[in-house]
Amino acid sequence: MKRIGPLVFERRLAPTRTAILGYSLLAILIALAIMSVIFWAYGVSPIKAYSTIGRTTLGTRFGLMEVLRRTIPLLLCGVGLVIAFRAKFWNIGAEGQLLAGAVAATWVALFTGIPAPWKIPAMFVLGFAAGALWGIIPALLKVKLQVNDVISTLMMNYIMAYFVKWLIYGPWRGPTMRGFAYTDLFPRDAWLPLFKYSKVHWPTLLIGLAAAVTAALILSRTRLGYEIRVVGDSPDAARYAGISFLGVSLWVMLLSGGLAGLAGVGEVAGIHHRLLEPDHVSLGYGYTAIIVAWLARGSPLAAIVTSLLFGLIFAAGDEIKVTLQMPFQITGVFNGLILFFLIGVEVLLYWKVRVVRKEKGWAGKAGS
Amino acid sequence: MRKLVLLLGIVLLMGLVALGAEKIKAGFIYVGPIGDYGWTHAHDLARRIVDEKFDWLETVYVESVPEGQEGAIIDRLVAQGCNVIFTTSFGFMDGTLEAAMRYPDIIFAHCSGFKRYNNMATYMADFYQVYYLNGLMAGALTKTGKVGYVAAHPIPELKRHINAFTLGVREVNPDAEVHVRWIYSWYDPAAAKEATEALIAEGCDVFAFTEDSPTVVQVAAENGLPSFAHYSPMLKFAPDYVVSGQLVHWEKIYEDFLVKVHEGLYTTENLAHVDYWWTLPQGAVELGADFGVAINPAWEDELKAYVVDHPIFGKISVYELVMIRHSQFGDPGITFDPFQGPVYDRKGVLRIPKGTWPSYETLVTMQWAVEGVVGPWPGEPEE
Amino acid sequence: MGWESWIVDTLRRALAYGTPLLWGTLGEIYAERSGVVNLGVEGMMILGALAAFAVAQSTGNPWIGILAAAVVGGLSALIHAFFSITLRANQYVSGLALTIFGLGLSGLLGTSWVGISLKNPLPKASIPGLKEIPILGPALFRDHSYLTYIGLFLAAVLWFVLYKTRWGIAIRSVGESPATADAMGINVFAVRYLCVIFGGVLAGVAGGFLSVEYRPSWTEGMTAGMGWIVIALTIFAAWDPLQAVGGVVLFGALYHLAYRLQRWFPPEFLKLMPYAFAILVLAVAGLRKVRRGAPAALGLPYVRGQR
């Protein structure tokens, strides 16, 4: 317990839902307030900026569809990361796992003779498998060889990005692309269906929603979910209970990497219809998904909401560029700020603030 | 659905109103940041020039649009009332075509691609003649007989440029080689720097490049070696060492195109065959390292002192040769092409027969390397 | 061309390209030695690069530019220190935030500096005497940037401080076991703050080197992923300043050779080597059951009275 003047800070073990929601909103509000200053410095009235963004993203069908389109990969990666973070596995590698899925989908689409009705399912299955494989490697490295998960997953993003580059400049360069570094376009039977007048590849969206629900059930209702939670909350207890770290880590990264792989399938089969420069495929979704998962605080269902929020921020970033003619880096500044404040308010979550009127018992000296 | 129809209606109406008032709102979509000091920078410079010049014209731009995202950006520009949209990256081709079909009342122009439509034109300002002229000078300046070339991507555009450059080098220095390094990026200063250093280590002493930064010019100058600038005015980055280079004037194309739209010559019906392939005669490109400076005066003497025995012009200094060739690309009527046959590739295959000029198709799909090119050449055709 | 010139050229370029990596890595080693991972290196470097260029161009003095880069790097590291040490927030997320934020902010503020040639880049120098040594002389001691020599010297000094002085013991014990250090009367928070800020200062200088020496101009995103190579190098070097020099030379040589050997190797494979190496050395260390100097309390916030 700590006291400053009339305020008493008490530690609490588990933050309440209201506290989580309230403080998360507070973080977003602070970030928005600081952004106002930046808008203002650019000579754009913040009120005009926010109303324009609100109108153009949420006020039109087109805007909403754009938000949804951006939400899909964030949702899939985000749900996967929620599972991983729940077991305290720091998967920073969704970006590379997404690309792995995109590579597998491209292989199925261009280089296999799988007939039409099975082609798209095969792309998803192999995309999941490729992402899972890219996720399992760091899990094995961590449990068997104590290789730090943050480092291995981060480094593997770069390895996969260079691998994709090699593919599109080398063996997979499309003969119809006049020497440019793209694969050929996928045949039509490998294109995902879209919502009308939009680029929302709804099958991937459905898979994402299903994944969120399934993940929530796994975490709350199954033995695996229980083990994941124990490993994450208290490794010592997990050890006493005889829970296999290897098993849990493998499962967690299989799901986490696999879901990111599905996001990659969606991007190439739904939007690009070919493999291209890795930066243009992943677009930082894998990194942004870290914020999505962080904000969801261990709940896959909450990731639906938080991925929508960041889908909105991506769409708003495009709007800021087009409508307000502002530099594109502004989204980066905003994402950085919001991330800082999110982790900044974290500390508050574990403290309960109480106002004490009367000087009563002295519950101990300052310090926790 | 009803809302969408309404929206489309409003958009159409706005478009019509805009056309009625003969106002044009042009949207420019860039793949890079306008601060790249290369491709996107040059397009944006041109946009600002035409924007200033015509009071019936309003322009907006969107920078750093990743490939695959152009469709959504076009939708937003249309919603904002743009009636002409330029997309400036090869990777925007399919997205632009889809948009052209989606918005039959908007005029599109796509840079560097090959797909056109009723309301979608293509355009390109090409440098191969200028690269050839620079090659003549590079051939005269190399002492080691090795010229370095730092190149972004192994695509036909760059292969054409390297080939034209090499033909120039060998015209005045038949034994000289052009050593090529690819950096696999339009913009990666560290890669460009190390590629240049690798070429220096191989003994190259004159440099040309195709990449979006002044790195090669800076590194060459640091080592006291001459170089040829690319794309943006780079003379100021190494005033004593940049000999010449190639500069772009996208505004010539933008001006021509927009004026014709304004005058009603270009409509949403007749663009399927409009393809700008503008070079020196149209003024879309310029020889030099800074506007108006074709050859750095500091290097004139050396170029004048280098005299070759030319099969057509006899004893002639390279300086004069460059001037003559430059005028042969001039308006009206081009009387010379760098790829004038016979041209053999480095595997000995005759690619352009004697006495002929390459077709446009040959130029834009060029995959082979001419004799004298040394180094890796991804996608090189078998014999 | 004989083998000597291959060795000389490769070493020369490895050291030149490696200089910003060296500065960045030395800084990150100190931060991590005190127990704080800072994934914001890329962000601090790019902010340093912009600050150095803007100040060097305005004042005409590249050294003042480097000084500005150091200050800006230190200040941006202070943000990370505040969040990760005082607020005990997750260090990985805080570092990522710093990178995202730094890349965005530098792009936003840097627009007016694009396309300008720096008037006075940082000078180069040779070391009398040493430069005459065959092979090593021309490779290591001739016509390199002052910052290259200072960086090498700094590596030796930082190694000495870390292993042979009381300060070094304090830093290492804070990274190994903050509770024990605390009990010994070491101010854990102060040590961590200082180390993280020092790391930022060095990362800032690394960025400044890029914009006022290596390629004297400003373009946004010019660090192009070097910050992440620094993270990889820190592990590769086993958190040891002298091994960092070896790692930097190796990674730099690989990068240079990616262009030298292009005729025979796809450059993508040589370029992904640093990242693969980082994982590989950790895996090999795990295989041999050695800790390789990884600070035990790395990544963990310190709360007094809690273990």
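Which residues point one way from β3(B), and which the other way? In this predicted model, B:Val84 and B:Phe86 point one way, B:Ile85 and B:Thr87 point the other way, and all are buried. Buried means that 20 or more other C-beta atoms, placed from the backbone, lie within 10 Å of the residue's own. In a regular strand the side chains alternate between the two faces of the sheet.

Residues are numbered from 1 along each chain as its sequence is written, and chains are lettered from A in the order in which they are written. As the model is predicted, local features need pLDDT of at least 70, side-chain atom pairs count only at pLDDT 80 or more, and totals for chains, interfaces and linings use all residues.

Strands here are DSSP runs of E with at least two residues; helices are runs of H or I with at least four, and both are numbered from the N terminus. Strand β1 (residues 24-29) of chain B pairs with β3(B) in the parallel sense over four bridges. Pairing requires at least two DSSP bridges. B:Ile85 is the bridge partner of B:Gly27. β3(B) also pairs with β4(B), in the parallel sense, over four bridges. There, B:His110 is the bridge partner of B:Thr87. The chain crosses from β3(B) through α4(B) to β4(B), and this β-α-β crossover is right-handed: with the strands pointing away from the viewer, the path from the first strand over the helix to the second runs clockwise.

Helix α4 (residues 93-102) of chain B has buried residues, including B:Met93, B:Ala99 and B:Ala100.

Chain C has twelve helices and two strands. Buried residues make up 61% of its 307 residues.

Notes:
Buried ≥ 20, exposed ≤ 12 C-beta atoms within 10 Å, placed from the backbone.
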